[in-house]
Amino acid sequence: MNYPKVVEEEDRIIVIYSEEPHHHVEEDDGVLIYYSKLWEVVKIVIKKDEKHNIIKL
């Protein structure tokens, strides 16, 4: 599988960087960042709102 992978759901946008399990989670302004044991970014989850959205060209 090629990374990063972007998945758009009805209420959120998910960016997957790795299949590794996450061990740490941080939240910043409604954005969840999941980290591996080595503090590498595994996944980012962004709630859709007026500030965060995907624009398809």
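Student: In the hairpin of strand 3 and strand 4, which residue takes a positive phi?

Tutor: That's Asp29, with a phi near 55°. The hairpin has two residues between its strands. Keep in mind that we're looking at a predicted model.

Student: And what about the hairpin of strand 4 and strand 5, which residue takes a positive phi there?

Tutor: There it's Trp39, near 65°. That hairpin has five residues between the strands.

Student: What secondary structure does the protein have?

Tutor: Zero helices and five strands. Reading from the N terminus, the elements go β-β-β-β-β.

Student: How do you know that strand 3 and strand 4 pair?

Tutor: Pairing calls for at least two bridges between the strands. Strand 3 and strand 4 are joined by five bridges, so they count as a pair, and they run antiparallel. As part of that picture, Glu26 stands opposite Ile33 in strand 4.

Student: What about strand 4 and strand 5, how many bridges join them?

Tutor: Five bridges, and again the strands run antiparallel; strand 5 covers residues 41-47. Take Tyr34: its bridge partner in strand 5 is Lys43.

Student: How do you know that strand 1 and strand 2 pair?

Tutor: Try the cut-off of at least two bridges again. Strand 1 and strand 2 (residues 12-16) have four bridges, so they pair too, in the antiparallel sense. Glu8, for instance, has Ile13 in strand 2 as its bridge partner.

Student: What holds paired strands together in general?

Tutor: Strands of a sheet pair through backbone hydrogen bonds, either parallel or antiparallel.

Student: So what is the order of the strands in the sheet?

Tutor: It's 1-2-5-4-3, in an open sheet with antiparallel pairing. The twist averages 15° from one strand to the next.

Student: What makes strand 1 and strand 3 edge strands?

Tutor: Each of them pairs on one side only. You'll find strand 1 at 5-8 and strand 3 at 24-28.

Student: Why is strand 4 called largely enclosed?

Tutor: Buried means under 20% relative accessible area. Four of the five residues of strand 4 (residues 31-35) are buried, so the rest of the structure largely encloses that strand.

Student: And what share of the 57 residues in the protein is buried?

Tutor: Buried residues make up 25%. As for the accessible surface of the protein, the total is about 4600 Å², and carbon and sulfur atoms account for 50% of that.

Technical notes: Residues numbered from 1 in each chain as written. Predicted model: local features only at pLDDT ≥ 70, side-chain atom pairs only at ≥ 80, totals over all residues. Heavy atoms only, no water. Buried < 20%, exposed > 50% of the residue type's maximum accessible area, 1.4 Å probe, protein only. Areas by Shrake-Rupley, 256 points an atom, 1.4 Å probe, with all protein chains shown as cover. Axes fitted to C-alpha atoms, helices over the stretch in contact; angles between N-to-C directions.
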